[in-house]
Amino acid sequence: MKLRVTLKKSPIGYPEDQKATLRVLRLNKLNKTREFEATPSIIGMLNKVKHLLEIKEVSDDETL
């Protein structure tokens, strides 16, 4: 299963560890979209910053 993730809210004013998580995910600009495999480590990072993101499940045949 893949997840399509879009940064919808700026991390300004949030703790540095949340900003670092977004940098690791390479979500550094508003409305930037990336796709990730739903592994436990990725899901954990997304849960940490889910208040800044829009997350959608995507089937394998409709990738970017």
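The legends below describe close-up views of a predicted model. Residues are numbered from 1 along each chain as its sequence is written, and side-chain values use heavy atoms, with hydrogens and water left out.

**View 1. The open sheet of 3 strands, with the order S2-S1-S3 and antiparallel pairing.** Strand S2 covers residues 33-37 and strand S3 covers 53-58; each stands at an edge with a single partner strand, so one side of each is left without a neighbour in the sheet. From one strand to the next, the twist averages 25°. Strands (E, at least two residues) and helices (H or I, at least four residues) are DSSP runs numbered from the N terminus. Two strands are taken as paired if DSSP finds at least two bridges between them. Strand S1, residues 2-7, is joined to S2 by 5 bridges, and 6 bridges join S1 to S3. Both pairs run antiparallel. Leucine 3 stands opposite phenylalanine 36 in S2.

**View 2. Helix H2 against the sheet.** Helix H2, residues 40-48, lies across S1, S2 and S3 and runs at about 30° to S1. Axes are lines fitted to C-alpha atoms, for helices over the stretch in contact, and angles run from 0 to 180 degrees between N-to-C directions. Contact here means heavy atoms within 4.5 Å.

**View 3. Lysine 2 and its bridge partners in S2 and S3.** The bridge partner of lysine 2 in S2 is glutamate 37, and in S3 the partner is valine 58. The side chains of lysine 2 and glutamate 37 also meet in a salt bridge, at 3.5 Å from N to O. This pair links distant parts of the chain, with glutamate 37 in strand S2 and lysine 2 in strand S1, 35 residues apart. A salt bridge is defined as a side-chain nitrogen of Lys or Arg within 4 Å of a carboxyl oxygen of Asp or Glu. Glutamate 37 counts as partly exposed, at 41% relative accessibility. The exposure classes are buried (under 20% relative accessible area), exposed (over 50%) and partly exposed (in between), computed with a 1.4 Å probe on protein chains only.

View 4. Threonine 6 is buried, with a relative accessible area of 8%. The side chains of threonine 6 and threonine 33 are joined by a polar contact of 2.9 Å. A polar contact is a pair of N or O atoms within 3.5 Å; within protein, one must be able to donate a hydrogen and the other to accept it, and residues adjacent in sequence count only if both atoms are side-chain atoms. Leaving aside neighbours within four places in sequence, the residues in contact with threonine 6 are Asn31, Lys32, Thr33, Leu52, Leu53 and Glu54.

**View 5. Arginine 34, a buried residue with no salt bridge.** Arginine 34 has its place in strand S2. The side chain of arginine 34 reaches the backbone oxygen of leucine 25 at 2.6 Å. Beyond its neighbours within four places in sequence, arginine 34 is in contact with Leu3, Arg4, Val5, Leu25, Arg26 and Leu27.

**View 6. Salt bridges of glutamate 16 and aspartate 17.** The salt-bridge count comes to 5. Arginine 23 forms one with glutamate 16, the closest N and O atoms being 2.8 Å apart. Arginine 23 is exposed, with a relative accessible area of 51%, whereas glutamate 16 is partly exposed at 48%. Lysine 48 and aspartate 17 meet through their side chains in a salt bridge of 3.1 Å, N to O. The pair links distant parts of the chain: lysine 48 belongs to helix H2 and aspartate 17 to helix H1 (residues 16-24), 31 residues apart. Lysine 48 is partly exposed at 37% relative accessibility, and aspartate 17 is partly exposed at 39%.

**View 7. Glutamate 54 in strand S3.** Glutamate 54 counts as partly exposed at 32% relative accessibility. Glutamate 54 and arginine 4 are 50 residues apart in sequence and 8.1 Å apart in space, C-alpha to C-alpha. Apart from neighbours within four places in sequence, glutamate 54 is in contact with Arg4, Val5, Thr6 and Lys8.

Terms used:
This is a predicted model: local features need pLDDT of at least 70, side-chain atom pairs count only at pLDDT 80 or more; totals for chains, interfaces and linings use all residues. Lys and Arg count as positive and Asp and Glu as negative; His and the chain ends are not counted.
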